Amino acid sequence: MSLRNITNAYGRPLSYPSGTPDISRTRRDAIPAIPPSRPQLPDFSAMMSDAPTTGDTADSAKLEEKLKQFEKEEMERKERNQALQEQQEQNEEVSCPNRFRDKRRKNIIFDEERFEDTFLKCLICRENFDMDEKMPKMLPCHHTFCLDCLRQMWRVEGEFRQTLTSAFRGMPMAVKIQCPTCRDGLITSEAEVKRLPNDHTIMELLAFMKETGRSDVQYCSKHQMQPLNFFCEPCIIPVCCDCTVIDHKESKGHIVVNVNEAMDKYTPILESTMEEIQTEKGSLETKKETLMKSAEKLDSTQKDVNDKIKDAFIRLRETIDERERELYEMTEREVGRKREKLQENMKVVIERDETLKNQLKSLSNAKEEKDISCMFSGHKAARDVLSQKVEVVIDSMDNFAVEFSCDDRQERNIRQEVTNLADIVFQD
């Protein structure tokens, strides 16, 4: 199948320069055949002629009559649908020529992925041709590859030739490259590789694909290569032409309209719903801001109340601590006064004991040495010490007591008052 018969998006045939080879020579596969838009009805007359003849001519006549009636109804339904579709197309062409052009563009149907893989990809790198580094270049054998791959082939061949002999100090001016498809050789330089003729057929196919737009057409998943040009309202799904006569018949309660009509019908409804959503979103945003401010205010209120509670009990603790320190000081003052008396008496006792100890030691030494003069002088001194009586008042602790006195009833009242001290008042 030659691609010279393919028309562009506006119904005009694609033109090619003279001498351009048929694209089927540069690719291994052809465009797959397009299946018919509607399933073909069986030839009931042939079935009747091949059926075995029976003796019951009445039944045969009835069967033939029913078949003719069925064919007639089917033809009328086809004509009615075709007339309805033509009328819709005419109305759309008058009211919205741009949309009609898009719809006509959808009717140009072919397997795009296989088409690109077969005709618009380089056979070496398997990347799509373009108008830059991947420019489609045609070899003399009429096989086409991208410019980048041909340059790499030339560079690899030149480096290989350079390693064969030391005569080449640099890259050779021209080397022989071979077509990867047919192995025909071509002696060329790097500059001549860039000057190879462009494959204008592929370039116009690239323009054709760019004009038609790949993402504009959606196809039916059940019926191969059928565009989803209709919309079934009860099922709420887009359907193709085959679906309207197989799975979504009007006789079964399906209401099928053109997809553009469905868009015109439901777009305002959708926009109205979107406006309601936007309105509610705006209201929710306002409420959200109000709630956030209320939350911040609530945190601030809690902090203020906590600070007041803390300050109140700090004052109470300071008062209790101050009373506690006063009681400690009173106890220390009274006990300290009693301790001073005891220490004074203890000092007198210790001094008297030390004096007596010295006199006793002096007399003992004089006695051991049998020094009569020291004995009498020491005896006299000792008698003088003994004659000096020291009065030491021994205070008994039996009559001294320091007690902590706290009225139990008063303590219970204070604890009760502290327990019930202050309160939190809520206003909502």
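Is Ile424 buried, exposed or partly exposed, and what is its relative accessible area?

Author: Ile424 is partly exposed, with a relative accessible area of 38%; buried means under 20%, exposed over 50% and partly exposed in between, with a 1.4 Å probe and protein chains only. This is a predicted model, in which local features need pLDDT of at least 70, side-chain atom pairs count only at pLDDT 80 or more, and totals for chains, interfaces and linings use all residues. Residues are numbered from 1 along each chain as its sequence is written, and side-chain values use heavy atoms, with hydrogens and water left out.

Ile424 is placed in the segment after helix H12 (408-419); helices are DSSP runs of H or I with at least four residues, numbered from the N terminus. Together with Val305, Ile309 and Phe426, Ile424 makes a nonpolar surface patch of about 370 Å². Such patches consist of residues with over 30% relative accessible area and no salt bridge, nonpolar side chains (Val, Leu, Ile, Met, Phe, Trp, Tyr) being joined within 5 Å. Accessible areas come from the Shrake-Rupley method with a 1.4 Å probe, and for residues only the protein chains shown count as cover. A salt bridge is a side-chain nitrogen of Lys or Arg within 4 Å of a carboxyl oxygen of Asp or Glu.

The C-alpha atoms of Met209 and Phe115 are separated by 9.9 Å, although the two residues are 94 apart along the chain.

Note on methods: Patch = residues over 30% accessible without salt bridge, like charges linked within 9 Å, V, L, I, M, F, W, Y side chains within 5 Å. Helix = DSSP H or I, 4+ residues; strand = E, 2+ residues; numbered from the N terminus.
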